[in-house]
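Student: I have a model open and would like to talk it through with you. Could you take it slowly?

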Amino acid sequence: MPKIVFVCREGSDEPRVAASPESVKRLSGLGLSVLVESGAGLSSGVPDKDFEATGARIAGPGEIGSADIILKVNRPTAVEMASYKPGAVVFAVMDPYGNEAALADMAKAGLTTFAMELMPRITRAQSMDVLSSQANLAGYRAVIDASHEYGRAMPMMMTAAGTVPAAKVFVMGAGVAGLQAIATARRLGAVVSATDVRPAAKEQVASLGAKFIAVEDEEFKAAETAAGYAKPMSAEYQAKQAALVAEHIAKQDIVITTALIPGRPAPKLVSRAMLASMKPGSVAVDLAVERGGNIEGSEKGRVADVEGVTVIGYANVAGRIAASASALYARNLFAFIETMVDKGTKEFAVNAEDELVKATMLTNGGRVVHPNFAEAAAAFVGETPAVAPVGDPGEVPDGSKPARARKKPAAAEAEKAGDAAAEETL
């Protein structure tokens, strides 16, 4: 009997969905039976009939109890888990850092769960990289939102009535989101500059036609590990870099910040004093607002006026272009699930020795098994931490900015470039 895949309808604050008509067709091709909860794709522009046309059956929420595999965008709530059968395999963006109690609840429910955002950044897993797929869109949307709030034209315009100068855009962090923001702002005709703590980012920024801003002393030149991660910088360097950035921000029309560190508050990059130095009508976008924000005074879910600057703090920025974000996320999920299906027998099975499984599996067999979270989660159930296989879920550097990605060569397009300066926004 084929395994049953259930695609959930998310809550009202999440417009994305964990499947697309394309992924439904491909999942069915693997021998899986796909159920899509009624209305799951409406906020992403996908009506039920489109899922049905590619092989899915539209189901009510009560049918989730029969599912062997559950696909979600966000971690299931305790109420949702009560309907899942023990042993079900759940794929979602789990946000495990600081949420060990929720992980313990998933373990007690008997679920095998996978955190898609912990996918290791290796060549084999590029098509499964949720952080990159969603961050690309967040970087793009950040520029679109900024241009909407900015009361002037982005490109230079030469008209009979005079010349309109190009907007000056400064991107802080040259990870996937930052590089896409650079590329988008350049396409709109802005004069773009960017900063990052990694020397390798300079080439990536330049390849997109932007100017690189950093204190390029000897410490900076040695600020990257052999694995492509940023090293912690000295207080002296940080002070020099902050002074340079403050001077540069005063001349900008739009500032976009992208720095997130898993499990930690977002680093403060832009102070109120820096905002006060900007021209009236300037705009700042904080892509880290959900973790405390990179910009002093930014407010989650709001567009605020801070020192005369319009500070955009939208949450779930990728979800603001839900159709594209859902399509990419669905491809990420399919690519991972495909590795678990035997091409000959069409049997679905989780191989605990697979490096992708080791890196992403949070709970299994009633225990929290991920080595990064097992000890903390065990405290919520009063048990000894599970002995888990050692995976490679990703290093978190101690520098002022995060560095999560593998090293990649400079690329002509942001979606092909590496991410090591800023953790992505989901």
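Student: Which residues form one aromatic cluster?

Tutor: Phe91, Phe114 and Phe336 form that cluster. Before we go on, please keep in mind that this is a predicted model, in which local features need pLDDT of at least 70 and side-chain atom pairs count only at pLDDT 80 or more, while totals for chains, interfaces and linings use all residues. Residues are numbered from 1 along each chain as its sequence is written, and side-chain values use heavy atoms, with hydrogens and water left out.

Student: OK, and how many aromatic pairs does the structure hold?

Tutor: It holds six aromatic pairs, where rings of Phe, Tyr and Trp (its six-membered ring) pair if their centres lie within 6.5 Å, and planes under 30 degrees apart count as stacked, over 60 as edge-to-face and the rest as tilted. In one of them, Phe91 and Phe114 have ring centres 5.1 Å apart and planes at 10°, so this pair is stacked.

Student: Where do Phe91 and Phe114 lie?

Tutor: Phe91 is in strand β5 (residues 89–93) and Phe114 is in strand β6 (residues 112–115), so the pair ties together parts that are 23 residues apart in sequence. Helices (H or I, at least four residues) and strands (E, at least two) are DSSP runs, numbered from the N terminus.

Student: Is Phe91 buried or exposed?

Tutor: Phe91 is buried, with a relative accessible area of 0%, and Phe114 also counts as buried at 0%. Buried means under 20% relative accessible area, exposed means over 50%, and partly exposed is in between (1.4 Å probe, protein chains only).

Student: What about the rings of Phe220 and Tyr237, how far apart are their centres?

Tutor: Their centres are 6.4 Å apart and their planes are at 15°, so Phe220 and Tyr237 are stacked. This pair links distant parts of the chain, with Phe220 in helix α8 (residues 218–221) and Tyr237 in helix α9 (residues 235–249), 17 residues apart. Phe220 and Tyr237 are both buried.

Student: Switching to helices, at what angle do α5 and α6 pack?

Tutor: Helix α5 (residues 130–149) and helix α6 (residues 176–187) pack at about 40°, with their axes 7 Å apart; axes are lines fitted to C-alpha atoms, for helices over the stretch in contact, and angles run from 0 to 180 degrees between N-to-C directions. The two helices α5 and α6 are therefore oblique to each other, given that angles under 35 degrees count as roughly parallel, over 145 as roughly antiparallel, 65 to 115 as roughly perpendicular and the rest as oblique.

Student: Which residues in α5 meet α6?

Tutor: Ser132, Ala135, Asn136, Gly139, Tyr140, Val143 and Ile144 of α5 meet residues of α6, including Val176, Gln180 and Thr184.

Student: And how does α5 pack with α11?

Tutor: Helix α5 and helix α11 (residues 322–338) pack at about 170°, with their axes 9 Å apart, which makes α5 roughly antiparallel to α11. On the α5 side the contact (heavy atoms within 4.5 Å) is made by Val130, Ser133, Gln134 and Leu137, and on the α11 side the residues include Leu328 and Tyr329.

Student: Back to Ala135, is it buried or exposed?

Tutor: Ala135, which has its place in helix α5, is buried, with a relative accessible area of 0%. Ala135 and Ala318 are 183 residues apart in sequence and 7.0 Å apart in space, C-alpha to C-alpha.

Student: Last one, how many helices and strands does the protein chain have?

Tutor: The protein chain has 13 helices and 17 strands, and 53% of its 426 residues count as buried.
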